[in-house]
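Please keep the sequence and the structure in view while reading.

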Amino acid sequence: MAPGEVGKREMDRYLSRISGPLLDRVDIHVEVPAVPWKELRSKPIGTNTAQMREQVDVARVNQAARQGDVPNARLSGKQLDELAVMTDAAADMLGRALTEFGLSARAYDKIRRVSRTIADFEGIGTLDVAQISEAVQYRLLDRSR
């Protein structure tokens, strides 16, 4: 059996032990594959820790200017309606994703919260397809159950 197949079986077995309602309460689901040895030894590429910290600080400033001390993760559904406004195309995409992947109402709000945070990183006010699609991708475990 190929190494990837073994990892998938182990992941499926592990996920089968976690209840759907519990998993539904986790905001971001990301599968992280093993990093090959050569890549571990090579010079890092991409954003470093200091750069990421700067981006997080800017996102927090954007968030605080809009909603004060309430972080995106704590926004209620009603607050999301006001603060995570979507374009029509983004709303249509989210509706299709909810239906196609059988996502819950809880997942709907989590996707909007994560989309709002992604938009804060980008300095964007209205959520568009790009932010919604990225946030939907972070519901990986919902789709594989």
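## The largest pocket

In this predicted model, the largest pocket has a lining of 15 residues, and those nearest its centre are Q63, N72, R113, T117 and F121. The space inside this pocket comes to about 270 Å³. Two elements, α4 and α7, each give two or more residues to the lining, and α7 gives the most, with five residues.

What classes of residue make up the lining of the largest pocket? Sorted by class, the lining holds nine nonpolar residues, together with three polar and three charged ones.

## Helix α4 against helix α7

The two helices that contribute to the pocket lining in this way also pack against each other: the axes of α4, which covers residues 49–67, and α7, which covers residues 105–122, come within 8 Å and cross at roughly 110 degrees. Angles from 65 to 115 degrees count as roughly perpendicular, and α4 and α7 are therefore roughly perpendicular to each other. Their crossing is right-handed.

On the α4 side, the residues in contact are M52, Q55, V56, A59, N62, Q63 and R66, and they meet R116, D120 and F121 of α7. This contact is made up, by class, of four nonpolar, three polar and three charged residues. Two of the residues named here, Q63 and F121, are also among those nearest the centre of the largest pocket.

## Helix α7 against helix α8

From α7, the residues I111, V114, S115, I118, A119 and E122 take part, and they meet Q131, I132, E134, A135 and V136 of α8. Seven nonpolar residues, two polar residues and two charged residues form this contact between α7 and α8.

## Helix α6 against helix α8

Helix α8, which runs over residues 129–137, also packs with α6, which runs over residues 88–101, and here the angle is about 20 degrees and the axes lie 8 Å apart. Angles under 35 degrees count as roughly parallel, and α6 is therefore roughly parallel to α8. As α6 passes α8, the crossing is right-handed.

In this pairing, A89, A90, M93, L94, A97 and F101 of α6 meet V129, I132, S133 and V136 of α8. By class, the contact has nine nonpolar residues and one polar residue, with no charged residue. Two residues of α8, I132 and V136, are named both in this contact with α6 and in the contact with α7.

Notes
Residues are numbered from 1 along each chain as its sequence is written. This is a predicted model: local features need pLDDT of at least 70, side-chain atom pairs count only at pLDDT 80 or more; totals for chains, interfaces and linings use all residues. Side-chain values use heavy atoms; hydrogens and water are left out. Axes are lines fitted to C-alpha atoms, for helices over the stretch in contact, and angles run from 0 to 180 degrees between N-to-C directions. Helices (H or I, at least four residues) and strands (E, at least two) are DSSP runs, numbered from the N terminus. Angles under 35 degrees count as roughly parallel, over 145 as roughly antiparallel, 65 to 115 as roughly perpendicular and the rest as oblique. A crossing is left-handed if the near helix is turned anticlockwise from the far one by less than a right angle, and right-handed if clockwise. Contact means heavy atoms within 4.5 Å. Ala, Val, Leu, Ile, Met, Phe, Trp, Tyr, Cys and Pro count as nonpolar, Asp, Glu, Lys and Arg as charged, and the others, Gly among them, as polar. On a 1 Å grid over the protein atoms alone, a cavity is a set of points where a 1.4 Å probe fits but cannot get out, and a pocket is an open set with protein on both sides within 12 Å along at least five of seven lines; lining residues have an atom within 4 Å of a point. Grid points are joined across faces, edges and corners, and a volume is the space filled by probe spheres set on the points.
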